[in-house]
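This briefing is intended for reading beside the sequence and the three-dimensional model. Please have both at hand.

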Amino acid sequence: MFYRFGDFTLDAATRQLLSSGSEVHLSPKAFDLLAALIADRSRAVSKAELMQRLWPSTFVEETNLAGLVAEIRRALHDPAPDPRFVRTVYGFGY
């Protein structure tokens, strides 16, 4: 399945993020997070739900999720103060 947004294409089958046809590198967990956010783009997704989806049956700090969001924002050139793609819902999730 392909998702297109801005100049980007996410190909879930090949696990690639492309920008104008060129591959953009994301770590495996960052790719999983981006795919989850795109799949649930019609709603805000809680941090707890995202952490459960990314790290089931594993305890991780919330900072791990924030680090992945920062990685995605860098890859998408999507600054947190003025986001186009990844919006923070303060105190809830993304």
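The model is predicted: local features need pLDDT of at least 70, side-chain atom pairs count only at pLDDT 80 or more, and totals for chains, interfaces and linings use all residues. Residues are numbered from 1 along each chain as its sequence is written, and side-chain values use heavy atoms, with hydrogens and water left out. Helices (H or I, at least four residues) and strands (E, at least two) are DSSP runs, numbered from the N terminus.

**Aromatic rings**

- A search of the whole structure finds three aromatic pairs; rings of Phe, Tyr and Trp (its six-membered ring) pair if their centres lie within 6.5 Å, and planes under 30 degrees apart count as stacked, over 60 as edge-to-face and the rest as tilted.
- Phe5 and Phe8 form a stacked pair, because their ring centres are 5.7 Å apart and their planes stand at 20 degrees.
- Phe8 and Phe85 have ring centres 5.9 Å apart and planes at 85 degrees, so this pair is edge-to-face.
- The pair of Phe8 and Phe85 links distant parts of the chain, with Phe8 in strand S2 and Phe85 in the segment after helix H3 (62-76), 77 residues apart.
- Phe5, Phe8 and Phe85 form one aromatic cluster.
- Both Phe5 and Phe8 are buried, where buried means under 20% relative accessible area, exposed over 50% and partly exposed in between (1.4 Å probe, protein chains only).
- Phe8 has a relative accessible area of 5%, whereas Phe85, at 27%, counts as partly exposed.
- Arg4 lies over the face of Phe2, at 5.7 Å from the ring centre; a charge sits over a ring if NZ of Lys or CZ of Arg is within 6 Å of the ring centre and within 35 degrees of the ring normal.

**The largest pocket**

- The largest pocket holds about 360 Å³ of space; grid points are joined across faces, edges and corners, and a volume is the space filled by probe spheres set on the points.
- On a 1 Å grid over the protein atoms alone, a pocket is an open set of points where a 1.4 Å probe fits, with protein on both sides within 12 Å along at least five of seven lines, and lining residues have an atom within 4 Å of a point.
- Its lining consists of 16 residues, of which Leu37, Ile38, Arg41, Phe85 and Val86 lie nearest the centre of the largest pocket.
- Strand S1 (2-5) and H1 each supply at least two residues of this lining.
- By class, the lining of the largest pocket comprises ten nonpolar, one polar and five charged residues; Ala, Val, Leu, Ile, Met, Phe, Trp, Tyr, Cys and Pro count as nonpolar, Asp, Glu, Lys and Arg as charged, and the others, Gly among them, as polar.

- Thr9 belongs to strand S2 (residues 8-11) and is buried, with a relative accessible area of 14%.
- Beyond four places in sequence, Thr9 is in contact (heavy atoms within 4.5 Å) with Phe2, Tyr3, Arg4, Gln16, Leu17 and Leu18.
- Thr9 and Val24 are 15 residues apart in sequence, and their C-alpha atoms are 9.8 Å apart.
- Ser27 is found in the loop between strand S4 (22-24) and helix H1 (28-39).
- Not counting residues up to four places away in sequence, Ser27 touches Leu68 and Glu71.
- Leu68, in helix H3, is buried at a relative accessible area of 8%.
- Leaving aside neighbours within four places in sequence, the contacts of Leu68 are Ser27, Lys29, Ala30, Leu33, Leu54 and Trp55.

**Positive phi angles**

- Arg15, in the loop between S2 and strand S3 (16-19), has a phi near 55 degrees, a positive value in a residue other than glycine.
- Arg15 is partly exposed, with a relative accessible area of 41%.
- His77, in the segment after H3, has a positive phi of about 55 degrees although it is not a glycine.
- His77 counts as exposed, at 66% relative accessibility.
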